[in-house]
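Take a look at the model below.

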Amino acid sequence: MSSQENSAAHVHRDDVGARMGMWLFLFTELILFGGMFILYSVYRYKYADAFHLAAKDLNTIVGTFNTAILLTSSLTMALSITAIQRKQKSLSIFFQMLTIVLASGFMVNKYFEWTAKFHHGIYPGSETLLAKPAGEIVFFGLYYVMTGLHGLHVIIGVVLIAFMMRFTATGVIKSDSYVKLESAGLYWHLVDIIWIFLFPLFYLIT
Amino acid sequence: MSETITVPTNGKHPSYLEHQGKHKGLLGWILSTDHKRIAILYLVAIAVFFLGGVTLGFLMRLELIAPGKTIIDAQTYNSFFTLHGVIMIFLFVVPGIPAIFGNFFLPILIGAKDVAFPRINLLSWYLYVIGGFIALLSIVLPGGLVDTGWTFYIPYSVRTGTNVIPALTAAFILGFSSIVTGLNFVTTVHRMRAPGMDWFKMPLSVWALYSTAWVQVLATPIIGITLLLVGIERIFGVGLFDPALGGDPVLYQHLFWIYSHPAVYIMILPAMGVVTEIIPVFARRTIFGYKFIAMSSMAIALFGSLVWAHHMFTAGMSNTGQFIFSLLTMVVAIPSAIKVFNWTATLYKGSIEITAPLLFALAFIFQFSIGGLTGVMQGILSIDIMIHDTSFIVAHFHYVMFGGTGFGLFAAMHYWFPKMFGKMYNEKIAKISFWHLFIGFNLTYFPMFIMGWLGMPRRYYDYLPEFHTYHLISTIGSWIMVAGILLMFYNFIKALLSSTKITEKNIWGGETLEWKIETPPIHENFIDIPTVHEAPYEYKQNETETLKTQEVK
């Protein structure tokens with residue numbers, strides 16, 4: 001009872017601070033992936049020909065399709081924030097839902113891509129892969145790790161946006177307090193931008 | 001029943017120790033988002049792990065008392081130095097000062113009621129405890145104690161059969177905890193400063209914590225991803241670093257040190273902040289060169305992030321690379337030296353009062369100087385190639401990490417203990433424990449410089465008879481040091497259990513904000529957020545006032 005009064009009397013709200021915290025967190029995510037981009041650049045330099053050859057095994061059409069899906073989902077995410085700013089609650093929820101649908105589409109594509117690779121015997125530790133030259137082993141190692149970790153981020157993003165939908169529905173996120181949704185949006189754009197780098201590095205270097 | 005801040009009970013606000021929140025008893029602590037309570041939670045957890053790390057170190061020293069097998073076998077010794085490293089680095093020195101004293105005093109020093117994200121702050125403690133628990137799990141799980149050294153160098157770390165995965169997971173989670181603390185502190189310093197507290201009116205420990213927080217945010221993710229990749233490589237056999245699969249183990253070392261070198265500045269900077277806080281108080285002088293100390297913290301954070309490859313001079317690197325990293329390593333010594341000179345200049349012509357916290361701070365300066373200068377020696381390529389992987393290196397980083405950060409933490413503990421708990425320890429015992437620690441420490445680690453110089457390799461379980469004398473002195477030193485540590489703990493625990501309370505606001509005559517609030521602080525620290533008009537450490541200006549309080553004393 002008393003604590004409720006207490007917290008009510010001292011609600012500390014700082015949207016700028018919240019956004020700043022989110023940006024700092026995004027820095028850490030960028031650096032997390034940065035470590036892998038360093039690995040990629042070093043090995044690409046070391047095994048330029050093998051990387052070129054291995055990239056031919058990836059399906060550029062599926063990759064392009066996934067890029068389009070993810071870019072569109074960033075748009076719908078941005079639209080959902082604009083909608084809540086304009087007090088259009090159900091429209092905002094609709095756009096968040098659409099973002100989740102697109103993200104799931106991305107994951108479904110990813111799933112088929114990976115299983116196809118598995119069928120061809122290309123997975124870490126497989127005999128087919130180990131028979132290939134060192135550069136190609138490293139290429140596929142990086143491919144699985146980087147797109148895998150990116151996929152994990154997509155899933156986290158979906159969960160995050162699902163929570164935001166709930167918050168929007170219950171009125172925690174509203175037209176004058178939408179920093180949570182904005183932060184989720186920032187996170188989603190990060191997921192998007194990392195893919196924008198992964199796509200050319202793995203699919204377009206043939 | 002109402003206990004809101006605006007309506008005090010019995011005309012007095014309850015301290016944070018007595019404040020009744022949503023939960024009672026133990027839950028009131030482990031679910032509290034009060035930065036002061038989280039600091040105490042950290043203090044308890046860190047103290048436990050510290051004692052664990054000390055025990056391992058003590059046993060290793062005991063093993064080395066004579067050549068050949070003394071008490072433990074070689075494999076156990078390998079595990080002991082690994083666990084000693086993992087515990088001391090990830091569970092003691094890295095979180096140490098920021099998580100305990102940063103949490104407790106950063107908001108108070110800038111005149112705020114809490115940190116920017118109190119709930120995330122509590123999350124960081126849970127991550128710490130989970131990480132620590134998993135580290136302990138790696139000890140009891142079948143498979144054997146991890147024996148890779150805290151550096152987890154590839155390819156051994158993917159080949160050994162011991163519990164590498166739990167240890168990696170622990171370090172990964174602890175990294176998260178550190179990141180979260182860092183981003184919380186950066187945001188807090190930017191957004192929560194009291195009115196009038198502009199950047200150059202902040203106490204210098206805030207500057208130190210702020211620089212540290214940036215390094216935590218920007219460097220820790222690298223270790224996160226690196227350890228994750230080692231784990232993936234170990235579990236799934238993905239070829240990333242293993243040369244058998246086309247990987248490059250030296251690349252692993254680069255990635256590892258890109259974090260782990262800046263990490264030593266995460267460890268030392270907060271201790272420098274503590275020393276900067278303590279010295280002007282007991283010299284009763286304004287700090288000498290405020291802006292230089294503040295900026296040197298930032299400079300250390302910046303340059304310290306660019307020197308990692310000096311750990312790898314012998315691992316294979318281009319001459320240009322060696323030259324650049326050697327040069328940058330020496331550049332870091334400049335901001336560190338600026339601090340040392342400013343501290344000594346502050347003491348000059350001050351009216352020095354020798355108290356326990358000041359003794360620890362002075363020992364910090366002495367030991368940090370030795371550790372720092374030998375660091376510059378190692379930055380010289382020709383010398384580094386000779387002393388690489390000898391006990392000279394062990395002596396060097398213990399002088400910085402323990403003689404520096406460890407003593408800094410003890411200094412902070414003696415300085416802020418009365419404010420945190422409203423109890424006072426026995427000053428005489430504190431000084432006795434200090435002298436044990438100081439003598440024991442130097443006796444333990446100084447011989448390592450000499451024998452390292454003569455060729456004693458590090459991480460060896462056995463040694464040639466010619467090193468016996470040095471090892472013997474070192475082991476005897478460790479006994480004195482451990483006696484000092486135990487005496488210090490006894491002193492604090494006895495004070496905590498005693499019933500005599502102190503309520504004096506400003507026990508040392510300090511000039512920063514924590515000395516202007518209640519002892520122990522009330523929930524949310526300030527009744528009204530103060531407006532700051534003057535820079536910290538204005539002793540001359542406030543001399544008359546200080547004299548008055550001293551007369552009363």
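## A helix pair in chain B

B:Ile97, B:Pro98, B:Phe101 and B:Gly102 in H4(B) meet B:Pro270, B:Ala271 and B:Val274 in H9(B). Contact means C-beta atoms, placed from the backbone, within 7 Å. The contact residues of H4(B) and H9(B) divide into six nonpolar, one polar and no charged. Ala, Val, Leu, Ile, Met, Phe, Trp, Tyr, Cys and Pro count as nonpolar, Asp, Glu, Lys and Arg as charged, and the others, Gly among them, as polar.

This is a predicted model: local features need pLDDT of at least 70, side-chain atom pairs count only at pLDDT 80 or more, and totals for chains, interfaces and linings use all residues. Residues are numbered from 1 along each chain as its sequence is written, while chains are lettered from A and ligands numbered from 1 in the order in which they are written.

| Helix of chain B | Residues |
|---|---|
| H4(B) | 96-109 |
| H9(B) | 249-283 |

Helices are DSSP runs (H or I, at least four residues), numbered from the N terminus. The axes of H4(B) and H9(B) lie 8 Å apart, at an angle of about 45°.

## The core

The largest nonpolar core has 220 residues. Such a core joins buried Ala, Val, Leu, Ile, Met, Phe, Trp, Tyr and Cys residues through C-beta atoms within 7 Å. Buried means 20 or more other C-beta atoms within 10 Å of a residue's own. H9(B) gives the most to this core, with 22 residues.

## Where the chains touch

In chain A, 31 residues are in contact with 36 residues of chain B. H2(A) supplies the largest share of chain A's side, 14 residues.

How values were computed: Axes fitted to C-alpha atoms, helices over the stretch in contact; angles between N-to-C directions. Helix = DSSP H or I, 4+ residues; strand = E, 2+ residues; numbered from the N terminus. Contact = placed C-beta atoms within 7 Å. Buried ≥ 20, exposed ≤ 12 C-beta atoms within 10 Å, placed from the backbone.
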